[in-house]
Amino acid sequence: MSMVVAEHLHKSFGRFIAVRDASFSINKGEIVGFLGPNGAGKTTTMKMLTGYLPPTAGTARIAGHDIIRNSLEARRHLGYMPENVPLYEDLRVFEYLQYRAKLKGICGKSVRAQIGRAMERCGLTERYRNLISTLSKGYRQRVGLADALLGEPDLLILDEPTNGLDPNQIRQIRELIRSLATEHTVILSTHILSEVEMICNKVIIIDQGDIKAADTPAKLTHDLRAAGRVSIEYKGELEPVVRELEAFEPVKKVLVEGPLPDGWQRVIVRAEPGTDTREKAAAIISAHGYPLRHIYRHIPTLEDVFVEMTRRD
Ligand SMILES: Nc1ncnc2c1ncn2[C@@H]1O[C@H](COP(=O)(O)OP(=O)(O)OP(=O)(O)O)[C@@H](O)[C@H]1O
Ligand SMILES: [Mg+2]
């Protein structure tokens, strides 16, 4: 069952297009990572899903409710942790959560229980009386997460939940998100590729307002692997080798990285998916009588996928 269906979501600020015609769907129980460089449109997309920012065109459904026509109902199904969690410094943790619960219209007997549960799940129970102004950044993130959990929403939208944390805190928050995912569908944004590989079962790569890919981390790296990036080091003239490589059918581009300090040339060959250019490249180089000392087909990481899809050259 789809938890989120975005249909042609589009956002312009004046003439600037921040998000262009974004369509994607997210199934119940998935942990989805929005991955993209600064300014890619991650936050804008999230804000549209939460109903905080009206799309210029297109719409989305959250648990079947249209974010425009049925925004209240859609919002009831989601918890949002914004990029910079706005906290009230002079409130205590539980007071802040009480206040937030009230704003969200959570009332009756369940309030205390819900706040207690959210604090417990976020490891805040021992800090419930602490003033927010005295909390470390990691604990503030936890308060933001606990806030998002109030109302027990089906969907959590977390904008850079590990931003600005030290490696230990990052690990703790990551574990926390993973545990939340047993009961919630989660969308998070990040710049940290390894994070996506570690916790997400789906990645949506966004760049300059466009969705470049949406798939599992394994599938994305597999596709790039098939595209076969081969690096070569040989000693000889650059021009004839590059020309002959470029003339070879599956080759898309030859990037010259050399000459290296020791005088050897290094070139990188990018080719069509499903091809392997190593044999041909070696034949070309040996036909010139040039020595070849290195030829290697790269096993890409998600980082390679990201760089490949968001590079500007
Ligand atoms: N209210 C606004 N008015 C004008 N431009 C905006 C507004 N909000 C966002 N933008 C622009 O839209 C683009 C996308 O911004 P967005 O915040 O969605 O990026 P992001 O992917 O979240 O980046 P980051 O990784 O830095 O958080 C940016 O170029 C930004 O400057
Ligand atoms: Mg952002």
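1. Glu 152 lies in the loop between helix 5 and strand 7 (155-159), where helices (H or I, at least four residues) and strands (E, at least two) are DSSP runs numbered from the N terminus. This is a predicted model, in which local features need pLDDT of at least 70 and side-chain atom pairs count only at pLDDT 80 or more, while totals for chains, interfaces and linings use all residues. Residues are numbered from 1 along each chain as its sequence is written, and chains are lettered from A and ligands numbered from 1 in the order in which they are written.

2. Most residues other than glycine have a negative phi. Glu 152 has 14 other C-beta atoms within 10 Å and is therefore partly exposed (buried means 20 or more other C-beta atoms within 10 Å of the residue's own, exposed 12 or fewer, and partly exposed in between, with C-beta atoms placed from the backbone).

3. Gln 208, in the loop between strand 9 (202-207) and strand 10 (210-215), also has a positive phi, of about 45 degrees, although it is not a glycine. With 16 other C-beta atoms within 10 Å, Gln 208 is partly exposed.

4. The axes of helix 5 (residues 137-149) and helix 6 (residues 167-180) come within 10 Å and cross at roughly 15 degrees (axes are lines fitted to C-alpha atoms, for helices over the stretch in contact, and angles run from 0 to 180 degrees between N-to-C directions). That makes helix 5 roughly parallel to helix 6, a term for angles under 35 degrees, with over 145 being roughly antiparallel, 65 to 115 roughly perpendicular and the rest oblique. The contact is made by Gly 138, Gln 141 and Leu 145 of helix 5 and by Gln 169, Gln 172, Ile 173 and Leu 176 of helix 6, contact meaning that C-beta atoms, placed from the backbone, lie within 7 Å.

5. Among the residues surrounding ligand 1 are Phe 13, Asn 38, Lys 42 and Thr 43, each with its C-beta atom, placed from the backbone, within 6 Å of the ligand. Helix 1 gives the most to this shell, with three residues.

6. Arg 266 is found in strand 13 (residues 265-271) and, with 15 C-beta neighbours inside 10 Å, counts as partly exposed. The C-alpha atoms of Arg 266 and Ser 231, 35 residues apart along the chain, are separated by 7.1 Å.

Key. Contact = placed C-beta atoms within 7 Å.
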